[in-house]
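Try each task before reading its solution.

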Amino acid sequence: PNPSCMERLPCVVVGAGVVGLACARALARRGRSVIVLEAEAAIGTGISSRNSEVIHAGLYYPPGSLKAQLCVRGRDLLYDYCRYAGVAAEPVTKLIVATEPKQTQALEAIAARAKANGAGDLERLDG
């Protein structure tokens, strides 16, 4: 297609969840006309409403992996954006519990991965 023609066509984003709305926003900020199509009765009620609704810190991914890097970078960008836009988003602590002594080694591995990934402050609680 002709590039000038492509610039005049409206953009259609399918899905008004987190990713769809982020894409629509990015396109609109670049001056594009955007139409968002959503099958549900309200925005964010499809797949986006079924996630864990947490901002991931990169605890579980292998150090240096793309997933780990994107978790940490995405977390930082999201908190920055929330501050900029005046959206309340308070970092909260994640508590991971070993219910049996044999799970302690797994917790130590998670802590090591989290530290290697730059997941933030870690604190071990015993008791």
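**Exercise 1: A pair of tyrosines**

In this predicted model, tyrosine 81 and tyrosine 84 both sit in helix α3 (residues 66-85), three residues apart, which is about one turn of the helix. Work out how the planes of their rings are arranged: stacked, edge-to-face or tilted.

*Solution.* Start with the helix itself: an α-helix has 3.6 residues a turn, so residues three or four places apart point the same way. Next, look for ring pairs: the structure holds one aromatic pair. The ring centres of tyrosine 81 and tyrosine 84 are 6.3 Å apart and the planes meet at 45°, so the pair is tilted.

**Exercise 2: Buried or exposed?**

Classify tyrosine 81 and tyrosine 84 by relative accessibility.

*Solution.* Exposed means over 50%, buried means under 20%, and partly exposed lies in between. Tyrosine 81, with a relative accessible area of 37%, is partly exposed. Tyrosine 84, at 67%, counts as exposed.

**Exercise 3: From strand to helix to strand**

Describe the unit made by β1, α2 and β2, including its handedness, and check the span of α2.

*Solution.* First, the strands: β1 (residues 11-14) and β2 (residues 34-37) pair in the parallel sense over four bridges, and valine 13 stands opposite valine 36 in β2. Finally, just after α2, glycine 31 takes a positive phi of about 90°.

Conventions. Residues are numbered from 1 along each chain as its sequence is written. This is a predicted model: local features need pLDDT of at least 70, side-chain atom pairs count only at pLDDT 80 or more; totals for chains, interfaces and linings use all residues. Side-chain values use heavy atoms; hydrogens and water are left out. Two strands pair if DSSP finds at least two bridges between them. Helices (H or I, at least four residues) and strands (E, at least two) are DSSP runs, numbered from the N terminus. A crossover is right-handed if, with the strands pointing away from the viewer, the path from the first strand over the helix to the second runs clockwise. The expected span of a helix is 1.5 Å times one less than its number of residues. Rings of Phe, Tyr and Trp (its six-membered ring) pair if their centres lie within 6.5 Å; planes under 30 degrees apart count as stacked, over 60 as edge-to-face and the rest as tilted. Buried means under 20% relative accessible area, exposed over 50%, partly exposed in between (1.4 Å probe, protein chains only).
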